Structure formats: C-alpha cells, structure tokens
Amino acid sequence: METFFLLLGGFADVLHPGNLAYALIGCVLGTLIGVLPGIGPAAGTAILIPVTATLDPTGSIIMLAAIYYGAMYGGTITSVLINTPGEAASAVTCLDGYAMAKQGRAGPALSIAAIGSFIGGTIATIGLVFLALPLTRLALTFGPPEIFSLLLIGLVLVTSLASQSILRALMAAAIGLLLAQVGIDPIMGMQRFTFGQLELMDGLAIVPVVMGLFGISEILLSIERPLTNMFAPPVGSLFLSKQDVRRSAGPVARGTLIGFALGLIPGLGSMIPAFLSYAVERRISKRPGEFGKGAIEGVAGPETANNAYANAALIPLFTLGIPGSPTTAILMGAFMINGLVPGPTLFVEHAEFVWAVIASLVVGNVILLILNLPLIPLWVAMLRIPYSIMVVIVLAFCVVGAYSLNNQPFDIGVMLVFGVFGYLLKKVDIPTAPLILTMILGPLLESALRQSLEMSGGDFMIFFTRPLATTLIVLAAVVLLSSSLNVFRRVKVDSEV
Amino acid sequence: MTTQRLYQITSVVIFVASLLLLRGALELHYYTPMGPGPGFFPVWLASILAILSVLTFLQATFGEWARELAQTGADFVADREGLVRLAVIPLALIGAAFFLERAGYGITMFVMNVVVLWALGTRNILTIILVATIGSFGIEYVFSHWLNVPLPPDDVSGLCPSWLCGA
C-alpha cells in the first residue's frame, strides 16, 4: 500500500504540464536518435545532456529516461524500413521486419513493434514499482564488502558477455578502471595520473568520454567508406489483422517475461533479450520455416523483449546504483550531475524525485505508443536527409555538450581523444561497453575495496567471512572461469551501444 | 596487414602503455598505516593489463586460432578518400576547441560546418550555407536563448535583432 501511495504521488508530479512536456520532448528526441543509424542510445543520451542542463533534476531525468527508451523504439523503424538497425538491440528485427516491409507489410510490423514495446515497457515498469522498495531495504543493510562484491559481479557479467574474446573484454575493463584513477585519490587526496593538468584534478568527465567513445568514433567508422543515401519503402496501412493479433499475443507475453528477467541482471546488454526471444519464438513456432521470411512473431517477440529489458535495466540502477548498460551508465552520470547518487539512499533521501521518474516511465510508454504510429511518415522523411548533414548537426551538439559541461574547450579535446581511441578500439575488436561501465564504477569499486580493507586491517579474508559477499565473489569467479574456458569461442554478443 | 599482425601490434602497444602506467603507479603510496594507499589499485590494474596483453599476444601468435587470424586480412586502413574524410573530423574538432573562446561559438561552428560538409562531398552552395548556419547560429540561438546554456559569444551575435534575441 505504501508503494501505491508513493507511486500516486509520482504520477501527480509527472502529470504536471512541465514534466509531461519533458517526457514528450524526450520521447521525440529519443525516437529520432534511434532512427538515425550510427548514433546509438548511449551517445544520443550523452549528446542531449546539455539540453536538460537548466531543468530541475526531476525534469532532467524524466527527459533523459524518455530519450533512452524512445531510442530503443526508434531503432526498430530503420530495421524494418531499410534493413539497418538504428541501435544494436534492433538488429534481430531486421530479419523478419524488413522481410515484411518487402511484402508491403511495413505498417503492421511497425505497429506490432510499437504495441509490443508499450506492453513490455509498461509491465517492466510495474515490476520496478514492486521490486524497488524490497531491494532498496536489502541494499541498505550492505556494508563496503557487500558493495564491493556486488560491483564486482556486475563488472564480471558485463565483461564476460561483451565480446567474442574474454581477454579483450577484460583488457577493456582494466583500461576503464585505470581511466577512473585519473584525478584526486578519493581517500588520501593525492593526485594520480593528472600530468599537472588542472582540468584533470576532478578526473575525466564522463560525458565527453562517452560522446567520444560512442558518438565521434561511430561517425569516424561511418565516413571512412563512401557515404550513401537511404531509400525507404512505403509504409502502407498500420492496422493489424485478427490473424496478426492472434499470432503476436504469445510472443509479446514471452518477450515481456524474457526482457524483464534479463533486465535484472546487470551487464547483459539489450541484444541478448532480443535474440533470446527470437530464438524461443522460432523454437516453439508451428511454422519455423516462415522465420526470416516475414513472420510477425519475429518482430513482436524481440521488440517486446528489447523494451521490457530497457525498463527493467533501471531496477539495478535505481535500487543498487549499478548501471547495467552504457546508456544506464550515462543516466547514472546525469543523476550525479544533478547532485543525486543512484542506489538505495536515493529512495530514502529523494523519494519524491525517484517515484516521479518511475511514474514517468509509464507515462512515457503511453506517449511513445500514441506519438510514434502517426509520426512514422516523419521518421521516414528523416531517413532521406544525407548523412553528411547529420554529421554536421551531431558534431554541433557534441561540441555544445562537451564545452558546456565545465565551460572549457579542454573537454572538446577529451571528446576528440576518446573518439579516436574508440575508433581504434573498434578496429581491433576491443569492446567499449566494459570500458565505460568500469570507468563509471571504478571509483565506487575502489572506495568499497579500500574501506573494506581498512575495516579488516588489510585482511582480504573479510570478503570470505560475510555470507553475501562470499556468495557474490564465488559467483563472479565461476562466471569469469566459465567465460575463460570458452576463450576461443566464436559467438559474438555485442553489448548495447 | 593480417588480423594476426594487427592483434600482435595492439598487444605490444597495450603492454608498453601498461608498463608506463605501472611505473607511474609505483611512485604513489602503495600501502599506508590506514590501509591501501592511492597506488594500491593502479599497481594491480596496470599489472593485470600487462598480463592480459601478454596473453592476447600469445593467443594471437600460437594455436589454431592464430593460424586462422594469419589468413584473414584486417580491415584497418581506409582508402585515400576515406582517409581524407577521416582526417577532417579530428582537424575540425581541434579547430573548434582552439577558436571556440576566441571567435565565439557561431562563427567557429559555421566555418567548421562548411569545411566538414565540403569534405564529406556536399557541393551545393545553398545547402552548405543553410546547413552550416543552422548547425552554428541556429544551435547557438536555441541553446543560449531557449535553454539558457551559455556559449561563447561572437561579434555576429550583436547583429541579432532585439525582438529575436532580446536586449
């Protein structure tokens, strides 16, 4: 009952015209980011942080969250219409979505994607409502050893699933942790790796780093080949037939379940729920031969799983302070810019804020459903804009975003350095998702480790005398070991970018 | 260049970088009477990175997978036109960082946009001027006047009529 009243208070806040407008603008901008190939949700969310700079914290996070799940839906449009996923999670939708478009059924494919996304996203948010308080109460009992173990298992999961090679993923994680060392030591106040630069005293700012790693590097990768313009087929009628509805009901239900369950595990990335949903639907289908040739189940399941995952991935962020993907890591950075620390204390110290954001997820999903279907012709028109013009607009936003963070050109330099660095990392198949997550979690991990060792007088056995910490560390070791045994595996599972 | 050579070079570069970082980390306090010092974490991380780079080198050099890599061409370097397009973005951003506070956001970004559009193959002068203006003065106007995000002003900003930009 307590949860219900808190949520009602959240709805009262979010239905305030100002916050409603932020959710609406966020959904439109997010869908636009998802539609434009080459700008993933992480870079898009980071680029648009300055747009929210002057808003109050509630409005700012409502808008950024709307950009996040708007982008998850927007990626579907290009997957269906031009066989190019706007973001990684929509890659699987190309298989049947594009096949449906070639048959003149792009409209029903986009409709079921929007409806499935709405159902998956809304149910995952309801799950967040019910899990938030119990998980928060549990997390409030954690001491530094438990926090360290929890962060460790999160990082191990991110790393072990991020690349075809565990070695390269571990290297990315180690590089991210080392980058997190730049700045003033959090406990003794000594300078580390600042090279005498005043701008590095506070450490590397996360926004220009993300813009570089995920935005500039993608632009560099796209423009090294000749630029081509895209042509989208006609969308046709958006209405679903009775048969479409009957065939989609099961995949939507199963997609919700898969997306929600996997969203609770930090670091999986949104591709895995989408691919798993596709595999499940194909396995249990009475018509497996139709998959890849325009089966509506192949769109309904993955798209639902993708958005259920996007909303459920906010549960570890809100309750435990652990971001599960680069985009939720950016959201975590945005929380911090607004003076809020995600985690259990957020529900205690800023309850009004956090419940308004949760209520905004429900409202945002409704906005996406109402808004996106009628606006599909607009998104199709956007696809006709030449890529060179897109590059100019994205660069202009990147410069504003990097500069306005601290009002110093130094951050534009940081963005450029990490853009080139991200480009090179992608060329040598080193994943960037573990790097950014470890860079954000590095200071927390180090503080928890050092506080634990101070508690025990330097004895590492402290991690093996507390049941939860021991369990999580053993689990992390098992995950790492099982991934290492598959060190030469061929299955590539990219994390969400 | 083969993928094998690319991975080997990458491993060596990361190994050298990790040794330099290790040297820097050893200059910090590793342990203090209160517990682990500022150098504790970096020393371990740099050591782990060095070990991982050695393992990657070995993985890319010996065994069945290494033989496969040796037969695969690395898609690392773009063609000449691609390199020109690639070079223009870093150069434009360096220019933006250098001139932003000297010439102001609008003028700096206008010039940068013209250069980028031209380098990426846009030849229609009207399109270049229109897009460069939207991507510079247009964005400056939106951020400065609607979103209250201060950007470095330029001489052109003063030409904006007061009914549009205020006093």
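Apart from neighbours within four places in sequence, I330(A) is in contact with A42(A), T45(A), A46(A) and V210(A), contact requiring C-beta atoms, placed from the backbone, within 7 Å. The model is predicted: local features need pLDDT of at least 70, side-chain atom pairs count only at pLDDT 80 or more, and totals for chains, interfaces and linings use all residues. Residues are numbered from 1 along each chain as its sequence is written, and chains are lettered from A and ligands numbered from 1 in the order in which they are written.

I330(A) is found in helix α14 (residues 326–337) of chain A, helices being DSSP runs of H or I with at least four residues, numbered from the N terminus. With 30 other C-beta atoms within 10 Å, I330(A) is buried (20 or more such atoms within 10 Å). The C-alpha atoms of I330(A) and G44(A) are 9.9 Å apart, at a sequence separation of 286 residues.

The axes of α14(A) and α19(A), which come within 9 Å, cross at roughly 25 degrees; axes are lines fitted to C-alpha atoms over the stretch in contact, with angles from 0 to 180 degrees between N-to-C directions. The two helices α14(A) and α19(A) are therefore roughly parallel (angles under 35 degrees). P326(A), A329(A), M332(A) and G333(A) in α14(A) meet A433(A), I436(A), L437(A) and I440(A) in α19(A).

Between the chains, 49 residues of chain A are in contact with 53 residues of chain B. Elements giving two or more residues to the chain A side include α17 (387–406) and α19 (433–456); α17(A) gives the most, with eleven residues.

Methods
Contact = placed C-beta atoms within 7 Å. Buried ≥ 20, exposed ≤ 12 C-beta atoms within 10 Å, placed from the backbone. Parallel < 35°, antiparallel > 145°, perpendicular 65-115°, else oblique.
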